[in-house]
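Student: Please take one part of this chain and go through it closely. Keep it brisk, and tie the pieces together.

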Amino acid sequence: MQRRIFDADHEAFRETVRTFLTKEVLPHYEQWEKDGIVSREAWRAAGRQGLLGLAVPEEYGGGGNTDFRYAAVIAEEFTRAGAAGLAIGLHNDIIGPYLTSLATEEQKRRWLPGFCSGETITAIAMTEPGAGSDLQGIRTSAEDRGDHWVLNGSKTFISNGILADLVVVVAKTTPEGGAHGLSLLVVERGTEGFERGRNLDKIGQKAQDTAELFFHDVRVPKENLLGELNGAFVHLMTNLAQERMGIAMAGIAAAEHLLEITTTYVKEREAFGRPLSKLQHIRFEIAEMATECAVTRTFLDRCIVDHSNGELDHVHASMAKWWATELQKRVADRCLQLHGGYGYMSEYRVARAFTDGRIQTIYGGTTEIMKEIIGRSLLG
């Protein structure tokens, strides 16, 4: 089915993204995978190309364009290229809204120009060793000392954790914490007491630096409070729909791309004297995946348009996230199986997609959490 959500400007932007990937990312990606981190120059190149801060007002160096379909183009093209390591979606679509909607004028002028140029790389630190999706379990705390906060605690599984120059930290600012006692504090690179642990060794997305972060009596200036004091829970809930949409968009794009390369593979690969595509079981497998992808794409495109218009609620974002990522997981597994032994070889795209994509049903809220959100909306 022909997609109808993009116009000529979106498709021209898609060509820009593809050119950027071809010139600035793909030639270096294998080395980044080995290094466990991308180069800072890649971020600066993304800034020069206008891929960072798309929705940031022009006065701060951004694109001034809040049309979420441009974010969808980036998610789709980076996914098709297998380039999850350069976490532009995290930077633009997850952290960007916190800075544009919550920051004071002084904070915007201090942080957003570097955000858009690629000089300032960002991360958000929510997850802790003892608290994953449960924000009520956060133990990292900040004590009010008059003109500054004293921050103590640790975070884990933080994407961009090694590279980040600005880290938005979720911390308790009341003894109780929870829904009415969490705040967002921005910790800057080089702050005394802020330490990074190891770059975690993951099974996939190896070029994406994921780290442990430690805060030992870190003095955070009062002017680095982001948003309302004790208002982090509401701030986080407000932005989670967009985060989940970003993950969902990558999920369906990955499934579609895996279906494409597997369809080509079974046409070329022969067994028992004829192409695999001539076997009924193979045809049924391809037919099932193609239908699931087509149905999912239709729903996701509707969600993209609704979100661009400010009409997508958190329930439908949760539906999109769990369905698209579970589909991605199923398709990756089935496509690897159809590749046979070759699917287990690292040089085949399907092998890396299998490991890179496995995290999709976990971060941004697990599938189980998504179902709980949907279920509560229906059953109370």
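Tutor: Over residues 236-379 of this predicted model, the chain is 75% helix and 3% strand. In UniProt, an unreviewed entry annotates residues 236-379 as "domain: Acyl-CoA dehydrogenase/oxidase C-terminal".

Now look at Glu-243. Glu-243 sits in helix H7, which runs over residues 232-268. Glu-243 is buried, yet has no salt bridge. The nearest side chain of opposite charge belongs to Arg-244, 6.1 Å away. Leaving out residues up to four places away in sequence, Glu-243 touches Ile-94, Met-126 and Gly-364.

The unreviewed UniProt entry gives residues 8-119 as "domain: Acyl-CoA dehydrogenase/oxidase N-terminal". Residues 8-119 are 68% helix and 0% strand. Their end C-alpha atoms are 31 Å apart.

For strand pairing, turn to S2 and S3. Strand S2 covers residues 141-144, and strand S3 covers residues 148-159. The two pair in the antiparallel sense, over 4 bridges. One of the bridge partners is Leu-151 in S3, which pairs with Ala-142. The hairpin has 3 residues between the strands. In that hairpin, Gly-146 takes a positive phi near 90°.

Conventions: Residues numbered from 1 in each chain as written. Predicted model: local features only at pLDDT ≥ 70, side-chain atom pairs only at ≥ 80, totals over all residues. Heavy atoms only, no water. Pairing = 2+ DSSP bridges. Buried < 20%, exposed > 50% of the residue type's maximum accessible area, 1.4 Å probe, protein only. Lys, Arg positive; Asp, Glu negative; His and termini not counted. Salt bridge = Lys/Arg side-chain N within 4 Å of Asp/Glu carboxyl O. Contact = heavy atoms within 4.5 Å. UniProt positions renumbered as here; feature names shortened; annotations may be inferred.
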